[in-house]
Amino acid sequence: MENIEMRLAAKDWQAITTELHDKGFVIVRDVMHRQECDALIAAYGASDTYRKTISMQRYRFGRGEYKYFRYPLPGLITALREKVYAEIAPVANQWMQELRIDNRFPATHQEMKKRCWEYGQREPTVLILKYGEGDFNTLHRDLYGEVYFPLQAVFMLNQVGKDYTGGEFVITEQIPRAQSKANVLTPDRGDMVIFTTNFRPENGTRGHYRVQMRHGVSPLHGGNRHSLGILFHDGLS
């Protein structure tokens with residue numbers, strides 16, 4: 001765990017959080033090593049690691065499959081969840097202040113998890129997603145209950161252009177009284193994308209207002225694509 005913590009500590013979090021605040025998303029390069037990515041992919045078929053498997057096509061979420069981890073989470077994932085949360089919680093609180101929302105988030109992930117559990121949200125929402133040729137994920141938001149943290153992260157576990165083609169990460173912005181804007185990202189293996197769960201603030205002539213945002217994955221042209229999704233709030237089921 002020392003290695004991943006040292007890697008995260010070495011990142012320029014001032015620059016990262018500034019971009020995250022302003023755009024609602026940011027790519028952080030080279031967070032996970034190839035061996036860590038490969039280990040997560042290899043464990044996809046484990047029988048004692050996950051609590052639930054979801055077929056996207058069955059629920060009309062797209063096409064592909066994902067699995068929710070059960071507690072206790074693997075040490076690598078726990079470290080990522082706790083360390084990244086501590087760095088981005090100030091951004092979440094700044095957003096709440098700018099949008100005049102009467103809600104503030106605790107400084108540590110342990111406190112955030114405790115808040116979720118007080119509302120009956122006790123199931124981990126960390127998941128690993130698997131896509132094959134033609135698979136995709138429709139535009140959506142990940143809330144999971146009354147209590148949710150407004151930022152989340154996804155880690156790419158395969159190498160784009162080598163292991164798969166297509167499958168871009170898409171984030172859309174709906175600005176009031178305007179057409180939607182699409183941001184198309186191509187993070188590589190080991191990269192982390194931090195992005196809004198629901199909305200971000202934008203400063204207008206009359207103060208800050210909400211820009212509604214959704215995310216998804218475009219269809220794969222070929223190959224296989226795995227990603228690790230980390231949400232910082234727990235869910236009801």
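Select Asp30: at 53% relative accessibility, Asp30 counts as exposed (over 50% relative accessible area is exposed, under 20% buried, in between partly exposed, with a 1.4 Å probe and protein chains only). This is a predicted model, where local features need pLDDT of at least 70, side-chain atom pairs count only at pLDDT 80 or more, and totals for chains, interfaces and linings use all residues. Residues are numbered from 1 along each chain as its sequence is written, and side-chain values use heavy atoms, with hydrogens and water left out.

**Stop 1: backbone angles**

Stay on Asp30. Its phi is positive, about 55°, although Asp30 is not a glycine. Most residues other than glycine have a negative phi, and most peptide bonds are trans. Asp30 lies in the loop between β1 (25-28) and α3 (34-42). Helices (H or I, at least four residues) and strands (E, at least two) are DSSP runs, numbered from the N terminus.

Now select Tyr71 and Pro72. A cis peptide bond joins Tyr71 and Pro72, with omega about -5°. Pro72 is in the loop between β4 (65-69) and α4 (75-98).

**Stop 2: helix α3**

Which residues of α3 are buried? They are Glu36, Cys37 and Leu40. Seen down the axis of α3, these buried residues fall within an arc of 100°, so they line one face of the helix. The arc is taken from the directions from the helix axis to the C-beta atoms. Turn to the face away from the buried side: exposed Gln35 and Ala42 are there.

**Stop 3: helix α4**

Select α4. Its 24 residues should span 34 Å at 1.5 Å a residue, and its end C-alpha atoms are 35 Å apart, which agrees. The expected span is 1.5 Å times one less than the number of residues.

Where does α4 bend? It bends by about 40° at Ala86, and Pro90 follows within four residues. The bend is the angle between axes fitted to the seven residues ending there and the seven starting there.

Just after α4, pick Arg100, with a positive phi of about 55°. Arg100 sits in the loop between α4 and α5 (109-118). Arg100 is exposed, with a relative accessible area of 62%.

**Stop 4: the cavity**

The structure holds one cavity of 30 Å³ or more. On a 1 Å grid over the protein atoms alone, a cavity is a set of points where a 1.4 Å probe fits but cannot get out; lining residues have an atom within 4 Å of a point. The largest cavity has a volume of about 40 Å³, the space filled by probe spheres set on the points, which are joined across faces, edges and corners. Select its lining, including Met156, Tyr164, Phe169 and Arg225.

Technical notes:
1 Å grid on protein atoms, 1.4 Å probe; cavity = no way out; pocket = protein on both sides within 12 Å on 5 of 7 lines; lining within 4 Å.
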